[in-house]
Amino acid sequence: MYGNGRSYGDVCQNSSATLLFARGLNRFIQFDGSTGVLRCEAGVLLSEVLDLVVPRGWFLSVTPGTKFVTVGGAIANDVHGKNHHRAGSFGCHVRALELLRSDGSRITCTPTVNSEWFAATVGGLGLTGLITWAEIQLIPIASAYMTTEAHRFRNLDEFWSLGEKYEQQFSYTVAWVDCLAVGRSLGRGVYFIGEHAAEKKPSSSYRSKHRSVPIELPISIVNHASLALFNALYYNRPLSAQSKLEHYEPFFYPLDSIDKWNRIYGPKGFYQYQCVLPFANGKDGMETILKLIGQSGQGSFLAVLKTFGNIRSPGMLSFPRPGITLALDFPNKGEATHRLFSKLDQVVADSGGALYPAKDARMPGELFRSGFPAWAEFEKYCDPKFSSSFWRRVMKD
Amino acid sequence: MKRIVIFGGTSAIAECAARLWVARGCSVFLVGRNAEKVEAICDDLRVRAGPSQKIGSAVADLNDHEKHAALVKSAEDELGGLDVALIAHGSLPNQTECEKSVAQTLAEINTNALSVLSLLTVMANYFEPRGNGAIVAISSVAGDRGRKSNYVYGAAKGLVTLFMQGLRNRLAAKGVVVVTIKPGFVDTPMTKDFEKKGFLWAKPETIAAGIVQAEERRSDVVYLPWFWRYIMLIIRHIPERIFKRLSL
């Protein structure tokens, strides 16, 4: 299954086999402007949903960090957003979906009807069949703008206390961390909070400066020197003490304004590593992980720390679960990168955590199965004719 | 806002054009053969449309020329008048099978040319006394020169192109615009059997945007994407003595 190809690894690849392109399923089916219930085909992009519903006063209940993903992909990866502590995962807002199996049968599933198929398909990585359409619940907004604040934190301890404070008050929270900081500054960064603005603004449409990385750079420009410089500047940049009003685009989708940003990593590309650690061992585990990364000098500007709340994800293989999640890009430096990943894997496994399949291209099968213990139950719902490179990789050893 | 009737409304290019027109506030009436597809596309357009826009449809096989006038009438009734007609239906004949079968050749000519000529005539006679309106039809670069690989399709499109040229001449003084669209290779269900690689293959969205723009600019003949104008200029000027030996 291939939607819009924004998963970072091989969940949307099927090497030496057939790949179904779902973007052709791009029609809306029904929208109720009084209840905010939208039914659409699964290949519709979240950006297309936003273009339709924002002018009518609605917004996605949950959105990931890019709007260029399909509705089907958002369901199959049970994606999450900056409001996980309030809203749970994307799947929590799916009211119904239709699953087309390779034998031609169609199963309409909801959280209560055919609920086992629903639970298998949400977060099911496209393996239970083709999602043809879905019905999602939107949330009302008064304007396309957000009130946002940014606060610096000097270390991981400060991050925990900011989190406790702001998660009570705000719908959207997320933090950028300086992955190179070590010692007393370990885990320093900037904490972002946001809320849909209450006031009505003239619905002037937002024009992002459209930028693009025109060519693949011959080598990665993300290296230790550029990273240290960027992180120091970014961490120390002046932050306004007051909240400001900004359009939802730069708040939710900062990278979407730079087309083909992945090219900065050069031809070898990059890996993303996103883990979640349960609260019980999370603080120590996260400290160890950040130390290991800081010592290695690898990593990238894009390092994001966020706590997941207690709302249960509806999928058998859903990634979001109560705990702390860290997401980070790593330029591909071959062996050195893989050695670091192995060390991080150990911490994740010891803490009882998991890695995010949507972002993964290399996790050992053992780590997948320990992080997603429902895999054996899930396998019963896999369509016999569906598979993916990811699935074969994590199931083979 | 404009009221637009689209023949062959379930074709990929027509569907994209309909979305663009609806986004501009237009009302749209779709005619297509497959009832299920017509309904799905209308549902989509209704979600996209504002409360004052109308979305209507009819299911018909356009090879049935007798029905054309009635279809135009029902589109007019539904939308309260018409400003633009887009004729977008067609098929891609299997050239080798057509070579073996006269019946199939004539059937393809009927679908891709005669039914279009009928609609062009009906629309011309609708707009002419009103002194305004635009008739847009999708011909093809294939109609610019006959080639062994698809001359049945090419001949049909060539007939459409030439007919529209004459119609444009007839209606120029009457305030009615006639726009001939000549796309190159487009990645749609019609061309599903081709290996679609390289810059010559365009997305239906690109062609649709060109159609909407051509109607707005009241253009005459538009190649989409634009570079096909120059490719076809060269192809048209290759001497027949040489051309007949080429494999194109």
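Biologist: How do the axes of helix α1 (residues 12–23) of chain B and helix α2 (residues 35–48) of chain B cross?

Modeller: They come within 9 Å and cross at roughly 20°; axes are lines fitted to C-alpha atoms, for helices over the stretch in contact, and angles run from 0 to 180 degrees between N-to-C directions. This is a predicted model, where local features need pLDDT of at least 70, side-chain atom pairs count only at pLDDT 80 or more, and totals for chains, interfaces and linings use all residues. Residues are numbered from 1 along each chain as its sequence is written, with chains lettered from A and ligands numbered from 1 in the order in which they are written.

Biologist: Why is α1(B) called roughly parallel to α2(B)?

Modeller: Angles under 35 degrees count as roughly parallel, and the angle here is roughly 20°, so α1(B) is roughly parallel to α2(B).

Biologist: Which residues make the contact?

Modeller: Contact means C-beta atoms, placed from the backbone, within 7 Å. α1(B) brings B:E15, B:A18, B:R19, B:V22 and B:A23, and α2(B) brings B:I41, B:L45 and B:R48. They divide into five nonpolar, no polar and three charged; Ala, Val, Leu, Ile, Met, Phe, Trp, Tyr, Cys and Pro count as nonpolar, Asp, Glu, Lys and Arg as charged, and the others, Gly among them, as polar.

Biologist: How many residues of chain A are in contact with chain B?

Modeller: Six residues of chain A are in contact with six of chain B. On the chain A side, strand β1 (residues 28–32) gives the largest share, four residues.

Biologist: How is chain A divided?

Modeller: Into domain 1 (28–142) and domain 2 (145–371), with bounds from an automatic or database domain assignment. Their C-alpha centres lie 24 Å apart.

Technical notes:
Contact = placed C-beta atoms within 7 Å. Helix = DSSP H or I, 4+ residues; strand = E, 2+ residues; numbered from the N terminus. Parallel < 35°, antiparallel > 145°, perpendicular 65-115°, else oblique.
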